[in-house]
Amino acid sequence: MELQKIDKKWWFFGAALLLQFVVLFLWVVKSNDTIQQGTVYKFRLMGYDPHDPFRGEYLRIRFKDNTVDMPSDRLPSSMQGNMYVSFYEDEEGFAKPRDLSEYSSEERLRVKVITGYGSGLDSTLTTLCISYPFDYFWMNQEDCPKAEHIINQALNDGLNVCALVSIKDGEGVLMDIEVDGIDIKTMLRENYGD
C-alpha cells in the first residue's frame, strides 16, 4: 500500500516537472517564430535604470514614443486589460504608435494603456500613454555597466539609440539594442575588447 502512495507522489512530481519543461519549450518556440516571421520595428529609446538588486543586472529600457493621439469619438469602449497598437515608421525609420484597438491583428502589439488625458487645446483628441511588454534587455552582468556607459554617452552625444523588436500576432520580442546602427554587443567589443 505504501509503495503505491510513493509511486503516485513520484508520478505527480515527474508530471509537474515535465509540464514546466513543456511550457518553457513552447514559449521558446513561440518567441523564435515571432523573431523569424514577425515584422521588425526600431523603437527610439531614452535612458534606463541599470540594475535591480533582487533580479540582477539588465538594461531597463524606456521608450521615447509611448503615446498615441486618438480622436475622442474613436476611443475603444474599454481601456482595461489588453489593447492592441499599430505602428508606422517615421521619416527616420523609427516606429511610432498609430492607433489603438481592442482587436488583434498580424502586425499589432498587445500593450497596456497607462493613462489618458486631453490633448492640449484640441478637445477632439485624447492622448493615451501605453506600456510596452518588453522593457528589459538581459545580458551578461559584467557587460551591463559598460553598456550603460555606452548608451548614456550616445544619448548625450545626440546619437540614435533604438531597440529592435519583432512583432507578430500581438506578441513582441526584443531582439537587440543598437547605437547609431551598430548593435550593443559589437559596441562592447569595440570599446572594451573581449
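## A strand and its hairpin

E10 and strand E11 (residues 171-179) pair in the antiparallel sense over eight bridges. Strands here are DSSP runs (E, at least two residues) and helices are runs of H or I with at least four, numbered from the N terminus; two strands pair if DSSP finds at least two bridges between them. Within this pairing, Ile-167 has Gly-172 of E11 as its bridge partner. The two strands form a hairpin with two residues between them, and Asp-169 in the turn has a positive phi of about 50°.

The model is predicted, so local features need pLDDT of at least 70 and side-chain atom pairs count only at pLDDT 80 or more, while totals for chains, interfaces and linings use all residues. Residues are numbered from 1 along each chain as its sequence is written, and side-chain values use heavy atoms, leaving out hydrogens and water.

## The other neighbour

E10 also pairs with strand E1 (residues 39-44), again in the antiparallel sense, over six bridges. Here Phe-43 has Ala-163 in E10 as its bridge partner.

## Buried or exposed?

Is E10 (residues 161-168) mostly covered or uncovered? It is mostly covered: eight of its eight residues are buried, where buried means under 20% relative accessible area (1.4 Å probe, protein chains only). Val-161, Ala-163, Val-165 and Ile-167 point one way from E10, and Cys-162, Leu-164, Ser-166 and Lys-168 point the other way.

Terms used: Buried < 20%, exposed > 50% of the residue type's maximum accessible area, 1.4 Å probe, protein only.
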